[in-house]
Amino acid sequence: MDFEPSEEQAMLRDVSRTTLRDHSGPERTRALLDTDEDVDAKLWKLGADLGWVGLAIPEEYDGAGQGLTELTLVAEELGRAVARGPFLTSSLVAIAVARGGSAELRAEVLPALAAGSARATWAFAEPAGQWSPRHLLTTATVSGEGFVLRGTKSAVQDAASARWLLVTAQLDGAPANFLVDRHATGVTVRRHRSLDLTRNLYAVSLDDVHVPAGCRLDGGPKAVSGLRDTGAVLAAADALGACESLLNATIEYAGVRVQFGRAIGSFQAIKHKAADMRMAVQGMRASVYYAAMAADAGAPDASQAASIAKAFACEESSALAGEALQIHGGIGFTWEHDLHLYLRRVKADEVLYGNAAQHYERVCRLLLAAQHPVVP
C-alpha cells in the first residue's frame, strides 16, 4: 500500500476541495438552514458533473469504476466544507446495487445515480437500536412473487429527496437488503429534529410495503456487514475533514486573539492543545486511509480496520471539537460563529454507522474469531 495519493487521486482531491470552497462551506450551509431541502441543487449538479457519486459505479454503467479510497478523498472534502447533499448515501446504495443487484436493477439504478438524475439513501438504523445487523426489528416476509416489508427506520439521511431507499430487514432470521421506491405505497417519511444542522435526518415507516422479488439484493449478512464497513469509513473520513477545518480555524484564532497583551497562541497550554489536535488529525488520517485501502485491496483485516478507524475517529473528533470550543472561548458558543456547525457535524458522524463502543466490541469479536474460528 502507498499512503501517498497518486496523481489522479491528488487531482480528484484538489478539484473537489476547490469546488466545495467556491460553492459550499459554512456560509452556504447557513443559507440553507431554514429550508426543507435536503440538497443544494447547484452543488448536487456540480458534484454529479465531477462524478462524485459515479466514482464507485462500474464503467459499464457510466461510472468511473474507482474504489473506496477515491470515495474517501471526496468524503473528507465534504466534511471539510460541511456540505449538504446525499453524495455519500447515494454512493453507498450504488455500491450495494453494483455488488448485489440483478442485471435489470443495475441497468435501471446505476446510470441514474451516476448522472445525478436520481438520489438514494440507506435505511438501516432503527429507533433505540444499534447500527448492527443483529439488532434489526424490521422484517421482510415472502408474499407471492415478492416481499412485504414492515418496520420503522431512523436516522435515514436525506430520505425526502431520495428516489430509492435501500432497506435492511430480517428475512428468515438473517439480514438482507431490499431496494424500495421512495414513493411506494406504505412508505412514510418524517423529518427528525437532530443536532446536526448540516444534514437532514428522517424516520421512515414501512407499513406493508410490497417489494418485487427482483429488488432483493444478493449477499445476505456478509453484504450488509461489508456495506456498514464502507459507511463507517466514509463517516470517519467526513469527520476527519471537519476536524481539519476546526484545527485550522483554531490555530488562526489563537494567533489573533490577544489576552494579557499577547496572542493566546503564544501560551504553552494553547500550544500543547494545538499539538494534541494535530496529532489527533494525523492519527485519524492514517486509520481512515488504511481502512479504505485495505478494503480496496481485499485485505483480510479490512473489516477490523474499518471498525478501528470509526472507533478512533468517533473519540478523537469529539475530543478535538471540544478543545476547539475551549480555545475559542465565548465566541465559540455563539450562533454566528461557524464552530458549532462543525461540532454538530462530528457529533452526528460519531453515531452514524455505529459509535465507538459498538466498533470496539466488534474489533474484539473479530480478533476472537481470528484466534478461535469456532467462536460466532
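I began with helix H4 and found it mostly covered, since 13 of its 13 residues are buried, where buried means under 20% relative accessible area, exposed means over 50%, and partly exposed lies in between (1.4 Å probe, protein chains only). Helices here are DSSP runs of H or I with at least four residues and strands are runs of E with at least two, numbered from the N terminus.

I note that this is a predicted model, in which local features need pLDDT of at least 70 and side-chain atom pairs count only at pLDDT 80 or more, while totals for chains, interfaces and linings use all residues. Residues are numbered from 1 along each chain as its sequence is written, and side-chain values use heavy atoms, with hydrogens and water left out.

I then looked up how H4 (residues 68-80) sits against H5 (residues 87-100), and found an angle of about 160 degrees with the axes 10 Å apart; the axes are lines fitted to C-alpha atoms, for helices over the stretch in contact, and angles run from 0 to 180 degrees between N-to-C directions. The two helices are therefore roughly antiparallel to each other, a label given to angles over 145 degrees. On the H4 side the contact is made by Leu71, Ala75 and Leu78, and on the H5 side by Phe87, Leu88, Ser91 and Ile95, with contact meaning heavy atoms within 4.5 Å. Just after H4, I found Val82 with a positive phi of about 40 degrees.

Next I turned to H6 (residues 103-115), whose 13 residues reach 18 Å from first C-alpha to last, close to the 18 Å expected at 1.5 Å a residue; the expected span is 1.5 Å times one less than the number of residues. Its buried residues include Leu105, Val109 and Leu113, and what covers the buried residues of H6 includes helix H3 (41-50), H5 and strand S1 (120-123). Gly116 follows H6 and has a positive phi, near 80 degrees.

His210 is found in strand S7 (residues 201-212) and is exposed, with a relative accessible area of 55%. Leaving aside neighbours within four places in sequence, I found His210 in contact with Ser143, Phe147 and Val148, and its C-alpha atom is separated by 9.5 Å from that of Arg150, 60 residues apart along the chain. Val258 is found in strand S8 (residues 258-259) and counts as partly exposed at 46% relative accessibility.

Terms used
Angles under 35 degrees count as roughly parallel, over 145 as roughly antiparallel, 65 to 115 as roughly perpendicular and the rest as oblique.
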